[in-house]
Amino acid sequence: MRKRRYSEEQIIKILRQVEAGEAVKDVCREHGFSEGTYYRWKAKYGGLDISEARRLKELERDKPAAQECRGGSDAGQPGAQGSCVAKMVTPAMRRQAAAWLQQRLGLSERRACRIVGVNRSTCRYRARRQQAGPLLERMRELAAERPRFGYRRLHVMVRREGWQVNHKRLYRLYQREGLAVRRRKRKRVASMQRVPMITPQAANDRWSMDFMSDSLATGRSFRTLNVLDEYSRECLAIEVDTSLTGARVARVLGRVVEQRGKPKEILIDNGPEFTSRALDAWAYEMGVELRFIRPGKPVDNAFIESFNGSFRDECLNQHWFTDLEDARCKVQYWRRDYNYVRPHSSLGDLTPHEFAAAAQLQQPPAASVAPPLANR
């Protein structure tokens with residue numbers, strides 16, 4: 001039997017896209033199915049939420065067994081009755097069967113439990129599970145604020161706020177509410193042996209830089225210069241403008257150096273801004289080594305590429321920039337959130353600022369901060 005392409009959760013989300021105002025033909029083209037399929041889904045799942053759709057699926061799956069059980073019981077066939085009893089494998093189903101015998105036939109609890117094959121203590125058990133209503137509401141709020149966060153980062157966020165919940169229960173709620181992040185297909189690359197990159201051992205050991213581009217609501221494009229400390233994963237600067245020359249890159253680096261000291265080396269690609277005379281003169285004057293990756297090998301600059309993916313996914317793709325000043329404000333707000341709020345999985349779910357502060361306490365002050373230029 002051919003496997004279904006869409007689950008009930010996905011179908012309901014597609015139906016809600018049309019309810020939100022999108023055209024049927026556009027939604028069908030986006031997800032790759034015909035309009036006839038959409039209207040069949042609408043007739044079957046229209047007006048249902050995810051939990052009701054799952055209940056409908058369970059009823060359709062159990063309908064043949066229930067019909068066989070009722071037919072066997074009416075005809076007085078022991079085999080059919082035996083098959084019906086064999087379906088009661090969970091305590092909840094056995095409690096329901098015992099309650100039915102007591103209500104319909106007037107049997108005592110002791111005799112009904114003996115017939116069904118369940119202990120009286122099991123039949124009297126009442127679940128004491130905590131209500132997940134407030135937790136679900138908070139999960140929905142966090143998922144709406146950070147739509148590209150998966151359940152692991154949401155678990156870190158709710159634990160910070162004092163919720164006592166383990167990752168397994170949160171994952172069940174996360175799946176049940178349909179909050180799963182849609183995975184994006186990755187481009188297949190050739191398999192080859194790779195040389196592991198040497199990880200920096202202290203702050204300011206190595207920075208990395210790269211450019212990104214996006215467009216305003218007017219259609220005008222702009223660029224961003226991203227500067228990252230590879231040890232603490234701190235985003236040191238994001239410069240936003242329509243044009244970023246080599247001299248502008250040198251000024252941005254000079255401003256960052258005044259705040260936290262100079263790095264030992266900076267990892268960059270072979271773009272014209274990074275190979276310019278202005279940046280080369282700045283690096284020579286400051287005594288900073290510029291390390292260039294192999295041409296056409298962005299994987300050599302893996303830390304900044306990973307940061308660029310998060311920046312694109314969680315900031316640039318989530319906002320509509322009206323003008324350049326609006327883009328600068330939103331980008332700087334996201335940078336502060338990235339450094340001080342967003343948990344980082346490679347740092348043990350600490351924020352980059354928390355990780356840098358903890359590392360600073362373990363190292364001598366002179367090991368991570370260079371002396372001021374005026375004292376040289």
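I took helices (H or I, at least four residues) and strands (E, at least two) as DSSP runs, numbered from the N terminus.

**Entry 1. Model and overall content**

I worked on a predicted model, in which local features need pLDDT of at least 70, side-chain atom pairs count only at pLDDT 80 or more, and totals for chains, interfaces and linings use all residues. Residues are numbered from 1 along each chain as its sequence is written, and side-chain values use heavy atoms, with hydrogens and water left out.

I recorded 17 helices and 5 strands for the protein. I then looked up burial, where buried means under 20% relative accessible area, exposed over 50%, and partly exposed in between (1.4 Å probe, protein chains only). Of the 376 residues, 40% count as buried. For contacts (heavy atoms within 4.5 Å), I considered pairs at least 6 apart in sequence; 58% of these join residues at least 24 apart.

**Entry 2. Helix 2 against helix 3**

Two packed helices are described by the angle between their axes and the distance between the axes. Axes here are lines fitted to C-alpha atoms, for helices over the stretch in contact, and angles run from 0 to 180 degrees between N-to-C directions. I found that helix 2 (residues 24-31) packs on helix 3 (residues 35-45) at an angle of about 105 degrees, with the axes 9 Å apart. This makes helix 2 roughly perpendicular to helix 3; the classes are roughly parallel under 35 degrees, roughly antiparallel over 145, roughly perpendicular from 65 to 115, and oblique for the rest.

Which residues of helix 2 and helix 3 meet? I noted V24, K25 and C28 on helix 2, and E35, Y38 and Y39 on helix 3. The residues of this contact divide into 4 nonpolar, no polar and 2 charged. In this scheme Ala, Val, Leu, Ile, Met, Phe, Trp, Tyr, Cys and Pro count as nonpolar, Asp, Glu, Lys and Arg as charged, and the others, Gly among them, as polar.

**Entry 3. The faces of helix 2**

I listed V24, V27, C28 and H31 as the buried residues of helix 2. Seen down the axis of helix 2, these buried residues fall within an arc of 100 degrees, so they line one face of the helix. The arc is that of the directions from the helix axis to the C-beta atoms. The buried residues of helix 2 pack against helix 1 (8-19) and helix 3. On the other side of helix 2, I found K25 and R29 exposed. After helix 2 comes G32, with a positive phi near 80 degrees.

**Entry 4. Helix 1 against helix 3**

I next examined helix 1 and helix 3, whose axes come within 10 Å and cross at roughly 105 degrees. The two helices are therefore roughly perpendicular to each other. E8, I11, I14, L15 and V18 of helix 1 make the contact with Y38, W41, K42 and Y45 of helix 3. I recorded its residues as 7 nonpolar, no polar and 2 charged.

**Entry 5. Salt bridges**

I counted as a salt bridge a side-chain nitrogen of Lys or Arg within 4 Å of a carboxyl oxygen of Asp or Glu. The count comes to 26 salt bridges.

R138 pairs with E141, the closest N and O atoms being 2.9 Å apart. R138 and E141 lie 3 residues apart in helix 9 (residues 133-145), and are thus separated by about one helical turn. E141 is partly exposed, at 35% relative accessible area.

E177 and R140 also meet in a salt bridge (3.1 Å, N to O). This pair links distant parts of the chain, 37 residues apart: E177 is in the loop between helix 11 (167-176) and strand 1 (206-215), and R140 is in helix 9. E177 is partly exposed at 21%, and R140 is partly exposed at 35%.

Salt bridges that share partners join E239, D241, R248, R255, E325 and R328 into one network.

Most residues other than glycine have a negative phi. I noted R233, which is not a glycine, with a positive phi near 60 degrees. R233 is in the loop between strand 2 (221-229) and strand 3 (235-241), and counts as buried at 15% relative accessibility.

D349, also not a glycine, has a positive phi of about 65 degrees. I located D349 in the loop between helix 15 (324-340) and helix 16 (352-362), where D349 counts as partly exposed at 33% relative accessibility.
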